[in-house]
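Welcome! Let's get to know this structure together, one question at a time.

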Amino acid sequence: MPSTKPRVRRVPIAMPAATSPSGAWFRNIRFSGFSVLMLGIVVLFVVVLAPSLRTLIQQQQEIAQKEQQVAAQRADVATKKRDVARWDDPAYIEAQARDRLLYVYPGETSYLVMGAGSGASSGSTSAVTTDSGTPVSSKLQTPKVDWVQAMLSSVLESGLTEKTTSELVAPDVSGSGTPTTGATAGTGAGR
């Protein structure tokens, strides 16, 4: 019996000439089922692990920042420990009492020179001012009002009175002898 298969004749076909080496390489790629499966696994791996990797990188940065903060705080603690250790020295305590509090030993005379900075050497007549900018007087002054009595009377009156804020009179602390009303003094009394 003759064979029922038709005879196939193979004819060679000429491929067009490649225009570039990359184009020829791209045409020669053949995708098998295995390569498609591996490509899918790689894409799935990237999609699943990308957020975790981003979180890991952020946490590493936070850890580095916290380590820097801890190192700065340790240095600060070491500085503070040195400062505390200085206070165990009686000579340091004496120097601080003389400088900060202007203490002197009995029999010593203390002089406080004001305005001896650069302004005094240049001969300028600018007045010495406090930190808030008010001028410092060169005359010895006595306050005209007893501030302790004024504060006590203000506290007691505001706590024990039935008057409203506008009816209260603030104590005279200016030394002028004219009391101000509670509304203009802003003492907050009568709450």
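## A first look

A kink of about 40° lies at Leu 49 in H2, shortly before the proline Pro 51; here the bend at a residue is the angle between axes fitted to the seven residues ending there and the seven starting there. This is a predicted model, in which local features need pLDDT of at least 70 and side-chain atom pairs count only at pLDDT 80 or more, while totals for chains, interfaces and linings use all residues. Residues are numbered from 1 along each chain as its sequence is written, and side-chain values use heavy atoms, with hydrogens and water left out.

Q: In what order do the elements of the chain run from the N terminus on?
A: The chain has 6 helices and 2 strands. These are DSSP runs numbered from the N terminus, helices being H or I with at least four residues and strands being E with at least two. Their order is α-α-α-α-α-β-β-α.

Q: What percentage of the residues of the chain count as buried?
A: Buried means under 20% relative accessible area, exposed means over 50%, and partly exposed lies in between (1.4 Å probe, protein chains only). The chain has 191 residues. Of these, the share that counts as buried is 4%.

Q: What share of the accessible surface belongs to carbon and sulfur atoms?
A: Accessible areas come from the Shrake-Rupley method with a 1.4 Å probe, and for residues only the protein chains shown count as cover. For the chain, the accessible surface comes to about 17,400 Å². The part that belongs to carbon and sulfur atoms is 61%.

Q: What is the area of the nonpolar surface patch that includes Leu 44?
A: Patches are made of residues with over 30% relative accessible area and no salt bridge, with like charges joined within 9 Å and nonpolar side chains (Val, Leu, Ile, Met, Phe, Trp, Tyr) within 5 Å. Leu 44 is found in helix H2, and Leu 44 counts as exposed because its relative accessibility is 54%. Other members of the patch include Phe 45 and Leu 49. The area of the patch is about 740 Å².

Q: Which residue forms a salt bridge with Arg 86?
A: A salt bridge is a side-chain nitrogen of Lys or Arg within 4 Å of a carboxyl oxygen of Asp or Glu, and the structure holds 4 of them. In this pair the closest N and O atoms are 3.0 Å apart. Both residues lie in helix H2, 3 residues apart, about one turn of the helix. The partner of Arg 86 is Asp 83.
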